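Walk through this model with me, strand by strand and then helix by helix. Keep the structure in view as you read.

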Amino acid sequence: MHEVTASRFVPRSKPTVLRRLTPEAMVTYEGSFDVREVHDEGAETVVVVGARGVEFALRFRTHEDGLRYEQAGEAGPFDAMETTVTVEPADGGVTVTARSAVSLGLPLASLTDRVAAWKRRGELERALDALAADV
């Protein structure tokens, strides 16, 4: 798996940012897929997403500093994808950091996973920009 990280300073309080950082909002902020369905499964929220003939589930778990999610099942664009988003206090606001590890499960993983991570970094940067604009 190849890992990527993106961070943004947001001049708002931690509670304000965490209220906006919901599973549905994170999918919308990333901008690659539409939310099709949301349901709770105990401590997890499952968000079914889709676009251009692809539909798959993401499993979210919230925690006191943000959320963690992963692609569930084999229907998604990745062989494996997991992401953690944390919100930490910073002078005059918070720093929101998104870390994601991705794998396509294809031959030449050193190349294909790097390309997938490059695309994933763009999604994370777009999500953090959208979150910052939304609060």
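In S7, Thr95 is the bridge partner of Glu88. Keep in mind that this is a predicted model. Start from that pair and widen the view. Strands S6 and S7 run antiparallel and are joined by 11 bridges. They form a hairpin with two residues between the strands. There, Gly92 takes a positive phi near 85°.

For a landmark, find His2, which stands opposite Val102 in S7. How many of the 11 residues of S7 are buried? The count is nine, so the strand is largely enclosed by the rest of the structure.

Val96 shows what surrounds this part of the chain.

The largest nonpolar core has 33 residues. Which of them touch the most other members? They are Val17, Leu58, Phe60, Tyr69, Val85 and Val96. The elements that give two or more residues to this core are strands S1, S3, S4, S5, S6 and S7, together with helices H2 and H3. H3 gives the most, with six residues.

Turn now to another hairpin. Strand S2 covers residues 34–41, and seven bridges join it to S3. The two strands run antiparallel. Val35 stands opposite Val49 in S3. Two residues lie between S2 and S3 in this hairpin. Gly42, in the turn, has a positive phi of about 65°.

Next comes helix H2, residues 23–30. H2 is mostly covered, with six of its eight residues buried. The buried residues are Pro23, Ala25, Met26, Val27, Tyr29 and Glu30. Just after H2, Gly31 takes a positive phi of about 85°.

Glu123 is found in H3. Is Glu123 buried or exposed? Its relative accessible area is 4%, under the 20% limit, so Glu123 counts as buried. Not counting residues up to four places away in sequence, Glu123 touches Glu30 and Ser32.

Charged pairs come next. A search of the whole structure finds 13 salt bridges. Arg8 takes part in one with Glu125, where the closest N and O atoms are 2.7 Å apart. This pair links distant parts of the chain: Arg8 is in strand S1, Glu125 is in helix H3, and 117 residues separate them. Arg8 also meets Asp129 in a salt bridge, at 2.6 Å from N to O. Arg8 lies in S1 and Asp129 in H3, so this pair ties together parts that are 121 residues apart in sequence.

Glu125 is partly exposed at 28%. Asp129 is partly exposed too, with a relative accessible area of 42%.

Another salt bridge joins two strands. The side chains of Glu82 and Arg68 meet at 3.6 Å, N to O. Glu82 is in strand S6 and Arg68 in strand S5, 14 residues apart. Glu82 is partly exposed, with a relative accessible area of 34%. Arg68 counts as partly exposed, at 34% relative accessibility. Elsewhere, salt bridges that share partners join Glu30, Lys119, Arg120 and Glu123 into one network.

Leu108, Leu111, Val115 and Trp118 make a nonpolar surface patch of about 500 Å². Where does Leu108 sit? Its place is in the loop between strand S7 and helix H3. Leu108 has a relative accessible area of 64%, over the 50% limit, so Leu108 counts as exposed.

Technical notes:
Residues are numbered from 1 along each chain as its sequence is written. This is a predicted model: local features need pLDDT of at least 70, side-chain atom pairs count only at pLDDT 80 or more; totals for chains, interfaces and linings use all residues. Side-chain values use heavy atoms; hydrogens and water are left out. Patches are made of residues with over 30% relative accessible area and no salt bridge: like charges are joined within 9 Å, nonpolar side chains (Val, Leu, Ile, Met, Phe, Trp, Tyr) within 5 Å. Accessible areas come from the Shrake-Rupley method with a 1.4 Å probe; for residues, only the protein chains shown count as cover. A salt bridge is a side-chain nitrogen of Lys or Arg within 4 Å of a carboxyl oxygen of Asp or Glu. Helices (H or I, at least four residues) and strands (E, at least two) are DSSP runs, numbered from the N terminus. Buried means under 20% relative accessible area, exposed over 50%, partly exposed in between (1.4 Å probe, protein chains only). A nonpolar core is a set of buried Ala, Val, Leu, Ile, Met, Phe, Trp, Tyr and Cys residues joined through side-chain atoms within 4.5 Å. Two strands pair if DSSP finds at least two bridges between them. Contact means heavy atoms within 4.5 Å.
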